[in-house]
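Thanks for making the time, everyone. I would like to walk through a few local features of one model, and I will give the cut-offs as they come up.

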Amino acid sequence: MRLLKEKIKNEGIVLNNSILKVDAFLNHQIDPELMMELGREFSKRFADKKVSKILTIESSGIAVALTTALFFHVPVVFARKQKSSTMNENLYSTKVFSFTKNITNNVAVSKKFLPPGENILILDDFLANGEAAMGLVDLVHQAGSNVVGIGIVIEKSFQPGRKRLIDAGYQVESLARIKAFEKGQIVFADDNE
Ligand code: 5GP
């Protein structure tokens, strides 16, 4: 998606060989017009999926999940990172290893908001190793619902997440795909022109 790639090129900061900082429009300050365009694009790419609910993870997936949900006219649920791993019978929970923070979070969603039989679209801001996305898939399966696709704002294609999700049988739609960071510069994968 050209608009997103321009934004990443102009405002993204390559922190080291594997982390991109996009605090200027996605992870701290949020660009609402851009979020609307990302939502529009996701709604086109998953138009045939009969999406009934969108699931994301706090906090950086929420903005784009909301704008996408506006196009589908469906609710958004975000999985919450929990302080303790205490079992709670009203929650579905799973463990997600955080690539950027190097810790494992317990991630949970209320059973009330994730009933069985839904067509769930999973969205997140970044795809690295696929931990967050696979954790969300696990929550959907615990609920007895169906994952209809996985939408990612920025995919780092040089990390294993995409392959992992495709191998598990999911349609993965990434709006910007980064092939490499070379000397602090961002190289996009060509199939995303
Ligand atoms: P994964 O779970 O696929 O290993 O990593 C994706 C999650 O880690 C995303 O939810 C995102 O919060 C975070 N993440 C992974 N790579 C990056 C990155 O390069 N920049 C930022 N800002 N977050 C990242």
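Where does E118 lie? E118 sits in the loop between β6 (104–110) and β7 (119–127), where strands are DSSP runs of E with at least two residues, helices are runs of H or I with at least four, and both are numbered from the N terminus. A word on provenance: this is a predicted model, in which local features need pLDDT of at least 70 and side-chain atom pairs count only at pLDDT 80 or more, while totals for chains, interfaces and linings use all residues. Residues are numbered from 1 along each chain as its sequence is written, and side-chain values use heavy atoms, with hydrogens and water left out.

Coming back to E118, this residue is buried yet has no salt bridge, and K53, the nearest side chain of opposite charge, is 4.6 Å away. Buried means under 20% relative accessible area, with a 1.4 Å probe and protein chains only; a salt bridge needs a side-chain nitrogen of Lys or Arg within 4 Å of a carboxyl oxygen of Asp or Glu; and for charge, Lys and Arg count as positive, Asp and Glu as negative, with His and the chain ends not counted.

Leaving out residues up to four places away in sequence, E118 touches S52, K53, S145 and N146, contact being heavy atoms within 4.5 Å.

Next, I54 belongs to strand β3 (residues 53–57), and it counts as buried because its relative accessibility is 0%.

Terms used
Buried < 20%, exposed > 50% of the residue type's maximum accessible area, 1.4 Å probe, protein only.
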